[in-house]
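Trainee: I'm new to this one, could you walk me through it?
Mentor: Gladly, let us look at it together.
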Amino acid sequence: MKLKIDDIEAFCTVADCGSFKEAANALNITPSALSRRLVKLEDALGARLLDRTTRRVSVSTVGEEFLPEARRIIGAFQKSIEEMRDLISVRAGAVSIATNMTISDTILPRIVRQFRRQNPRVRISVTESSSPQALERVLNHECEFAVAQFGAGHPDLAFEPLLDDYFVLVCHPDHPLAARKRITWADLDRHNFIRLRASSGTSGILERTLGAKTRHLSGDITIGHFSALLGLVGENLGVSVIPSLVVLKCAELGLATRPIKAPVVSRKLGIVTKRGKSLSPASQALAVVCRSLIQQSSRG
């Protein structure tokens, strides 16, 4: 016979009250229901826990030995229930997400700040990497969701698009192209183009979208991340293209940006989750903040 938490609670309550009637009232059950619980508990343990007379009830010798353990069990159970309630109401717990480098270098601090203001007791773990690596972490259950580019996607992943991230020219304010209001890809001829590594998602997007027009992008500097790229542009060592989200950093650095057409190049960023798997309450709350701030950035 399996032990039940209600039966153990009944024993502890009788021990504390010293009376069946008072214990039944405390548990809001009938004395007969209380008696059945105690009988089940004693049968399961194979020992008498209470000594009963017509006038009083007392804890038996075996019951005295079991009582501290019974109280520990009740306390641990109540603590587990309270912790679960905290998790469900997002008062505590942990959340892990992955982001691509663009998100981590730009809007991530605002996301974390707002989430922590709303949920100060929730621990946050963020892994920043390329979009393909971020998607792999969702697939491998290393994080609950990612904020990244979906690209070719994966059948086991679901994607909620949040932002069309357009690519723009970035250059030093003293560069000749900074004086131009309209820029085409052909205008980048004869200007040193600073490239991101071939393995980057940005390089892949440019090659797929521009095709033969990539001949306009020639230069002698290759770099790994946008933050380093902006530093090189800030030294007027060349020009490059960046997603519109990264423009948030350009104002701080005093760099000039211009839209590029013929053609317009963009990528979709959004929330990536494992298909058919619901997010924990903490992750749902974090996804709401991500959704709100990313959509705000697209409007301004």
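Mentor: A term to begin with: buried means under 20% relative accessible area, exposed means over 50%, and partly exposed is in between, using a 1.4 Å probe and protein chains only. This is a predicted model, where local features need pLDDT of at least 70 and side-chain atom pairs count only at pLDDT 80 or more, while totals for chains, interfaces and linings use all residues. Residues are numbered from 1 along each chain as its sequence is written, and side-chain values use heavy atoms, with hydrogens and water left out.
Trainee: Okay, so is Phe150 buried or exposed?
Mentor: Phe150 counts as buried, because its relative accessibility is 18%.
Trainee: And which aromatic pair does Phe150 form?
Mentor: The structure holds two aromatic pairs, where rings of Phe, Tyr and Trp (its six-membered ring) pair if their centres lie within 6.5 Å, and planes under 30 degrees apart count as stacked, over 60 as edge-to-face and the rest as tilted. One of them joins Phe150 and Phe159, which are stacked at 4.9 Å centre to centre with 0 degrees between the planes. Phe159 is partly exposed, at a relative accessible area of 24%.
Trainee: Switching topic, how many disulfides are there?
Mentor: The count comes to zero, a disulfide being a pair of cysteine sulfur atoms within 2.5 Å.
Trainee: What about helix α9, which of its residues are buried?
Mentor: Helix α9 covers residues 226-234, and its buried residues are Phe226, Leu229, Leu230, Leu232 and Val233; helices (H or I, at least four residues) and strands (E, at least two) are DSSP runs, numbered from the N terminus.
Trainee: Where do those buried residues fall, seen down the axis of α9?
Mentor: They fall within an arc of 160 degrees, so they line one face of the helix, the arc being that of the directions from the helix axis to the C-beta atoms. Just after α9, Asn236 takes a positive phi of about 60 degrees.
Trainee: Last one, where does Gln149 lie, and what is it in contact with?
Mentor: Gln149 lies in strand β5 and is buried, with a relative accessible area of 12%. Leaving aside neighbours within four places in sequence, Gln149 is in contact (heavy atoms within 4.5 Å) with residues including Asn100, Ser131, Arg208 and Lys268.
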